[in-house]
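Hi,

Here is the structure I said I would pass on.

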Amino acid sequence: AVFTYFATSPPSVAPPPNMARLGALLMLASAAAYLLASPAFVAPPRSSALPEIDVRVATATAAGLAPLSMEQPAGAYDSVVAMLQSWLVGGTVLTVIFAAAIIAAAANPLTKRRQEVQNMMNNKK
C-alpha cells in the first residue's frame, strides 16, 4: 500500500474575540484591588514628647563651633604705610619669581640645542 502524506498545517483555532479584553480587565481589577487594599496613610509610631538627643552629636557640634565663639582681633593694617610696604614686598617677590622663570626659559639647554639642530638642518638645504 502506498501511503501519501501531505504536509498540511492543522486548522488554526482563533481565540475568542473577547479573550484579550478579559485579560486586560483581569489586570485592571488586580491593580485596583492592590491599590485599594493598601493603607493610604500610616501614622508614625508614638514617641516621647521630647526628641532624644545624641550626646556624641551634641559634643561634635560644640567642638566644631568652638573656634567661632572666641573673640579675635581685627586683622587690619595699623596704617596706610604698613599696607603699602606689604604691597611693595609682595610685588618685589613676584618680580623676582617671574624674572627667574624668564631666565630659566631663555637659558634652557634643550631649547638651545634644538635651535642649533634646526640651524644645521637649514644650512644643509
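Let me start with helix H2, which covers residues 55-69. With 15 residues at 1.5 Å a residue, H2 should span 21 Å, and its end C-alpha atoms sit 20 Å apart, so the two values agree. H2 does have a kink, though: about 30°, at Ala 63, shortly before the proline Pro 67.

One thing to keep in mind as you read on: this is a predicted model. The pLDDT averages 79 over the protein, and 75% of the residues score at least 70. Among the elements, helix H3 has the highest mean pLDDT, at 92, while H1 (residues 19-37) has the lowest, at 81. Where pLDDT is low, the predicted coordinates should not be read in detail.

Now the overall picture. The protein has 4 helices and 0 strands, so the pattern along the sequence reads α-α-α-α. What share of the 125 residues is buried? The figure is 0%. Since buried means under 20% relative accessible area, that is the cut-off to have in mind for this figure. The accessible surface comes to about 12600 Å², and 70% of that belongs to carbon and sulfur atoms.

On to the salt bridges, where the count comes to 2. One joins the side chains of Asp 54 and Arg 56, at 3.5 Å from N to O. Asp 54 is partly exposed, at 35% relative accessibility, whereas Arg 56 reaches 66% and counts as exposed.

Another salt bridge pairs Arg 113 with Glu 116, and their closest N and O atoms are 3.4 Å apart. Why are these two separated by about one helical turn? Because they are 3 residues apart in helix H4, which runs over residues 109-124. An α-helix has 3.6 residues a turn, so residues three or four places apart point the same way. Both partners are partly exposed: Arg 113 has a relative accessibility of 45%, and Glu 116 has a relative accessible area of 43%.

Last, there is a nonpolar patch on the surface, made up of Val 89, Val 93, Leu 94, Ile 97 and Phe 98. Together these residues have about 500 Å² of accessible area. Val 93, one of the patch residues, lies in helix H3 (residues 80-106). How exposed is Val 93? Its relative accessible area is 45%, so Val 93 counts as partly exposed.

Cheers

Key
Residues are numbered from 1 along each chain as its sequence is written. This is a predicted model: local features need pLDDT of at least 70, side-chain atom pairs count only at pLDDT 80 or more; totals for chains, interfaces and linings use all residues. Side-chain values use heavy atoms; hydrogens and water are left out. Patches are made of residues with over 30% relative accessible area and no salt bridge: like charges are joined within 9 Å, nonpolar side chains (Val, Leu, Ile, Met, Phe, Trp, Tyr) within 5 Å. Accessible areas come from the Shrake-Rupley method with a 1.4 Å probe; for residues, only the protein chains shown count as cover. A salt bridge is a side-chain nitrogen of Lys or Arg within 4 Å of a carboxyl oxygen of Asp or Glu. Buried means under 20% relative accessible area, exposed over 50%, partly exposed in between (1.4 Å probe, protein chains only). The expected span of a helix is 1.5 Å times one less than its number of residues. The bend at a residue is the angle between axes fitted to the seven residues ending there and the seven starting there. pLDDT is the predictor's confidence in each residue, from 0 to 100.
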